[in-house]
Amino acid sequence: MSMYGRDPWGGALEINADSATDDDRSRNLQDFDRSALSRQLDETQQSWLLGPGEQKKKKYVDLGCIVCSRTVFKWIVISILLSGSIAGLVTLIVKLVPRHKHSAPPPDSYTKALHKALMFFNAQRSGPLPKHNNVSWRGNSGMRDGLSDPGSNHANLVGGFYDAGDAIKFNFPGAFAMTMLSWSVIEYSAKYEAAGELNHAKDIIKWGADYFLRTFNSSADTITLIHAQVGQGDTSGGASSPNDHYCWMRPEDIDYPRPVYDCHSCSDLGAEMAAALAAASIVFKDNKLYSQKLVKGATTLFKFSREQRGRYSGGGSDASKFYNSSGYYDEYVWGGAWMYYATGNNSYLQLATTLGIAKRAGAFRGGQDYGVFSWDNKLAGAQVLLSRLRLFLSPGYPYEDVLQSYHNQTNIVMCSYLPAFRTFNRTRGGLIQLNHGRPQPLQYVANAAFLAAVYSDYLTAADIPGWNCGPNFFSTEKLRDFARTQISYILGKNPMKMSYLVGYGSHYPKHVHHRGASIPKNKIKYSCKGGWKWRDSPRPNPNVIVGAMVAGPDRRDMFRDVRTNYNYTEPTLAGNAGLVAALVSLSGGDTRGIDKNTMFSAVPPMFPTPPPPPAPWNP
């Protein structure tokens with residue numbers, strides 16, 4: 001009999017119980033042992049033979065929170081080291097391989113000119129100059145302005161800007177210049193920032209605004225006078241008393257009396273200064289205390305302009321010889337618009353859209369100077385400014401009728417700028433004759449270029465492709481073309497090949513009508529008449545007044561670079577402000593438009609009043 005069992009070493013086991021002897025069994029077991037030793041045992045089999053105390057121990061690495069075998073740990077370490085080596089090698093290769101740096105594109109011609117044009121304001125500063133003024137031939141001047149004049153109650157009128165090539169401080173054109181600069185910063189702060197000039201432009205505006213706050217009682221709610229002018233320029237009738245036009249002296253050396261002219265009935269001046277401070281308050285809206293101070297001053301000034309009616313230059317004043325105002329209703333519309341934007345007070349918008357005021361401002365009158373925007377007549381600018389309100393906020397009734405009229409008139413003005421129409425003549429070189437061939441044309445051209453460019457940007461931002469001139473449709477690009485051609489003329493694309501912006505290009509005026517620029521800073525003080533030799537010298541100015549836009553050529557495109565002829569070579573604050581505004585509007589290409597929202601930062605949400613119901617129908 002035989003029994004079959006399972007061989008623990010793997011295979012059948014046959015046991016013959018009857019016939020196997022002890023020797024046979026011994027031999028068989030030895031054979032089994034040899035068979036077992038000749039085969040590899042698995043873990044289970046080893047445990048059976050060795051027992052629990054004799055099993056082969058596996059090696060582990062204890063990492064605290066994780067336990068893993070040494071083999072796994074070894075491969076992890078190798079992987080980390082290999083990855084680090086590869087990363088280091090890649091980094092080394094990247095650092096050693098030469099790279100082509102993609103620098104910012106070079107500034108366009110308008111941006112280059114903008115840098116120059118802003119420098120003119122540094123050269124015109126009066127008072128204690130800041131360290132960063134960067135005009136080496138200028139120093140502190142006018143340090144006794146107002147304080148030495150008993151007629152002004154010794155008001156501190158130190159600071160501000162000199163108007164032109166003299167040392168007179170005229171508030172009327174000066175305020176217009178600051179309003180224009182503020183307008184351009186509000187619309188194009190991103191372009192100023194891209195050009196690296198935003199802080200510079202704001203510093204210029206603040207310098208002017210701080211001075212205006214000194215020229216009246218800015219802490220009062222009601223005032224009765226404004227210190228309108230410092231210095232005197234009238235030399236008519238052969239007057240030979242030392243003053244700012246008779247004498248030819250560096251501002252730093254002035255030793256003659258500088259009278260202060262006060263104004264008690266000056267609606268035009270009060271409203272223009274209110275516009276300047278109101279616009280500046282929007283520029284500095286992030287400086288809450290200063291912005292509120294500006295709004296407070298603007299409110300006082302505009303109230304004064306409404307209560308104390310009259311022209312600031314009336315009665316044959318000194319200002320009337322140089323900056324005579326033709327009226328003040330345009331300043332009511334202009335100032336009212338800026339006051340509304342700065343405060344959100346609807347009473348200012350009501351005033352600016354009052355039909356009677358609009359008519360008296362000349363909004364629907366036409367005429368040869370209609371559409372000419374200047375320090376005297378702000379109507380064209382005011383209409384563009386209020387068209388902005390209609391395009392973006394559409395306040396509706398009761399303002400809509402007059403706002404629509406302003407918008408329509410703006411379209412007409414823009415048509416008049418185009419060469420397709422003959423509203424204004426042009427020189428052979430292409431310069432539009434906004435002042436009809438009279439001297440000093442460039443300031444009017446720069447202002448018109450700005451209005452065209454900014455209005456084009458308004459239409460683009462409102463998704464309006466253009467506007468109609470009668471039956472003809474013109475795209476917004478036509479306005480930018482107009483602005484470009486006029487500014488390019490100023491920058492040198494003209495028959496004279498002359499850049500009328502000093503310091504821009506290689507061919508620009510060298511005999512600028514400017515006292516500080518024409519007299520060397522050589523530690524010699526030239527007297528009132530002693531400086532005449534520098535005025536009359538045929539030599540170029542020893543000091544380059546970088547950024548000054550001169551008065552410009554005549555109607556035949558001819559220009560005489562003669563220091564004594566101010567109709568060609570004298571720059572002004574108002575002219576340069578318009579140029580700066582036009583340049584920044586064109587700078588950087590068409591990639592950046594206007595800032596739609598900052599202008600409306602103080603304007604509350606609008607819920608237009610529904611118009612009154614129609615009269616009941618009667619049979």
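**Reading helix packing and contacts**

Reader: In which helix is Ile86 found?

Author: Ile86 sits in helix H3, residues 70-96. Helices here are DSSP runs of H or I with at least four residues, and strands are E runs with at least two, numbered from the N terminus. One caution: this is a predicted model, so local features need pLDDT of at least 70 and side-chain atom pairs count only at pLDDT 80 or more, while totals for chains, interfaces and linings use all residues. Residues are numbered from 1 along each chain as its sequence is written, and side-chain values use heavy atoms, leaving out hydrogens and water.

Reader: How do I read a helix pair, say at what angle H15 and H19 pack?

Author: Two packed helices are described by the angle between their axes and the distance between the axes. Axes are lines fitted to C-alpha atoms, for helices over the stretch in contact, with angles from 0 to 180 degrees between N-to-C directions. H15 (residues 476-490) packs against H19 (residues 573-586) at about 125 degrees, axes 11 Å apart. That makes H15 oblique to H19: under 35 degrees counts as roughly parallel, over 145 as roughly antiparallel, 65 to 115 as roughly perpendicular, and the rest as oblique.

Reader: At what angle do H7 and H9 cross?

Author: Roughly 25 degrees, with the axes of H7 (residues 267-283) and H9 (residues 329-343) coming within 8 Å. H7 and H9 are therefore roughly parallel to each other.

Reader: And how do H12 and H13 cross?

Author: At roughly 120 degrees, and the axes of H12 (residues 379-392) and H13 (residues 400-417) come within 8 Å. H12 and H13 are therefore oblique to each other.

Reader: Finally, what is Trp534 in contact with?

Author: Contact means heavy atoms within 4.5 Å. Neighbours within four places in sequence aside, Trp534 touches Trp248, Ser518, Ile519, Pro520, Tyr526 and Arg563. Trp534 itself lies in helix H17, residues 532-535.
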